[in-house]
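Please examine the model shown below. The explanation after it begins with a local detail and widens to the whole chain.

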Amino acid sequence: MTTVAPRAPATPARPDSIYRSRDGHRSRKARNTVATSLISASFVLALVPLVGVVVFIVQKGSGVFGWHFLTTDIPFSDRDFGGGMKPAVVGTLLITGAATVMAVPLGVLGAIYLNEYGKQGPLARLIRFLAEIMTGVPSIVMGLFIYLLWVLPRKQNGLSGFAGALALGCLMLPIVIRTSEEILRVVPEELREGSYALGSRKVRTIRTVVLPHAAPGIVSGALLAVARAAGETAPLLFVIGIVTSTNTSIFNGPNTTLSQQIFRGATSPFVAAQERAYGAALTLVLLVFIFTALARIVTSLYARRSSAGG
Amino acid sequence: MAVTDTIPEQAPRPLVGGDRPPGALADRVFRALALGAGLLVLVILGLIIYEMTNQSLPWFRAEGFNAIFSDNWVPSAGHYGALGLVVGTLVVGAIALLIAVPVSVGIALFVTEVAHRRVRRPIVYTIDLLAAIPSVVFGLWALRALETPLANVYSSVSDALSGVPILGALTANPNPSGASYMTAGIVVAIMITPIITAITREVYATCPPAQKEAALALGATRWEMIRGSVFPHSRSGVTAAVIIGFGRAVGETIAVALVIGSSPRLTEQIFGPGDTMASVIVNSFGEATGTERAALIGLGVVLLAVTVVIGVLARTVLAGRQRRLGVA
């Protein structure tokens with residue numbers, strides 16, 4: 001193998017293509033300007049939908065949004081104005097919370113297996129690959145799966161917040177595994193060796209050295225996964241049922257979420273339901289942005305700490 | 001080992017063998033727990049494949065080869081040939097890629113090559129915010145704020161191109177409401193831009209500075225440096241990003257269901273209403289029974305298969321890249 005000449009690295013700047021227009025210095029410069037402006041324009045272009053959505057939702061949603069909106073039940077009829085989204089807010093927090101409680105510890109444990117035990121072994125590589133595949137499984141498929149696995153065998157009793165939490169948990173698990181493993185991988189090996197040298201066993205090393213060092217990164221990754229899960233609609237539509245009054249039980253009876261109410265409102269012919277959908281969308285976007293901002297804050301605190309502590 | 005001879009008599013007992021020192025059990029239990037958590041991924045994926053295939057069998061039995069290769073999705077008549085849906089999914093995915101890939105490449109270049117170091121992080125965070133906005137919110141926005149203006153654009157484009165050989169047929173009969181493959185493609189493009197940007201950006205960031213500096217030292221302009229050094233270095237990485245982006249586009253559900261107009265027939269008219277596999281599942285699974293339900297679950301199986309193929313493809317491309325970079 002060593003006799004094989006190393007393949008040339010990706011062809012570097014080919015003179016012929018670069019100097020093709022040697023006579024036209026102006027055209028080279030112009031081309032550069034055009035390309036640079038297009039590159040900058042693409043960023044601006046991406047801002048259009050971001051700003052568009054936020055402005056639209058704030059404009060349409062702020063009319064109904066408020067404390068009353070967050071603390072009142074949904075009117076029974078789509079035709080009725082007023083009311084609020086309390087059941088959906090409670091449902092979103094409960095279902096996302098339950099999914100987090102299931103997926104984050106398991107995901108972190110899985111990541112610990114991959115990075116601290118399995119490493120480059122065949123089983124670890126298989127799990128890593130499957131986690132990658134699982135990240136790509138469409139959320140609607142996860143919803144169908146939980147419907148078949150959990151809801152169908154239980155008939156009417158199967159529709160519950162817990163079924164939704166299972167679906168969201170399945171979506172979060174591979175994301176948590178992958179982000180946590182990335183974080184564990186950058187924990188310096190010297191820290192582990194130092195701990196071993198002091199006589200600590202592996203489990204103690206992981207608990208007292210590796211995890212504390214990785215905690216901010218893991219928390220930040222988990223928060224991003226939560227933010228993504230909180231906005232999911234497709235996996236919940238067929239597994240949580242629907243309610244108009246607040247259901248604080250995750251196991252008993254159907255539930256509802258902001259995302260589901262937005263979908264219903266978007267397809268509803270009644271103005272009252274549409275207005276509530278805008279309010280729900282504003283609430284959901286605020287919720288998701290809060291989680292995302294928290295993740296960023298944790299990351300930046302961590303960066304400051306590690307650069308200061310050095 | 002001979003070293004043992006020199007150990008004095010009071011030396012602590014060796015740590016292996018004999019009485020296990022405290023913590024050995026905890027170690028093994030924890031290892032088993034961690035392994036269990038890792039294996040959970042395998043178990044869940046296995047269960048997904050088993051449950052879904054099992055429940056979709058009636059569809060494949062009823063339709064056989066026609067299930068995917070005939071354009072005949074008429075639930076009222078009991079026909080479930082999903083070719084129109086499969087093609088619709090590909091059309092939406094293709095439109096989304098055509099829009100999202102150039103924009104994502106542009107943003108990635110903007111972050112790595114053009115923008116000042118200080119503003120890179122804020123830019124990345126801004127693009128990530130786009131990924132944070134839920135699909136259903138994009139769908140609501142597209143349905144209420146985007147469809148009407150787009151419908152006007154569609155009808156003028158359609159008028160302008162009528163009579164032109166291929167483009168005329170593609171743009172014929174725009175849906176007056178604006179709900180169409182094109183609208184769905186645009187919305188999906190917005191939603192896959194962050195992921196394609198993120199991967200592309202990472203790939204561009206790995207281009208060796210020496211190569212870029214060499215190009216600049218030879219007198220190349222920034223664009224010539226990008227074309228000569230950055231692009232050749234990142235071709236396979238960007239390919240993987242495109243593949244992964246396509247995977248996301250195929251699975252995108254809620255926003256598509258809201259803006260595509262629900263028409264499961266095969267057509268080349270991209271300004272007309274259509275359907276994708278995921279949007280049909282969302283719009284009809286609630287009331288579906290019997291063969292229809294099996295067929296909808298079967299569409300889930302097809303989506304799952306596409307996911308697996310895309311995962312394998314992306315990994316193969318990236319593995320090839322890593323091997324090459326290892327040699328270089």
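In strand 2 of chain B, His79(B) stands opposite Val74(B). Strands here are DSSP runs of E with at least two residues, helices are runs of H or I with at least four, and both are numbered from the N terminus. Strand 1 (residues 71-74) and strand 2 (residues 79-82) of chain B run antiparallel and are joined by four bridges; pairing requires that DSSP finds at least two bridges between two strands. Four residues separate the strands of this hairpin in chain B, and in its turn Gly78(B) has a positive phi of about 80°.

The model is predicted: local features need pLDDT of at least 70, side-chain atom pairs count only at pLDDT 80 or more, and totals for chains, interfaces and linings use all residues. Residues are numbered from 1 along each chain as its sequence is written, while chains are lettered from A and ligands numbered from 1 in the order in which they are written.

Overall, chain B contains twelve helices and two strands, in the order α-α-β-β-α-α-α-α-α-α-α-α-α-α along the sequence. The C-alpha trace of chain B spans about 100 × 65 × 35 Å along its principal axes.
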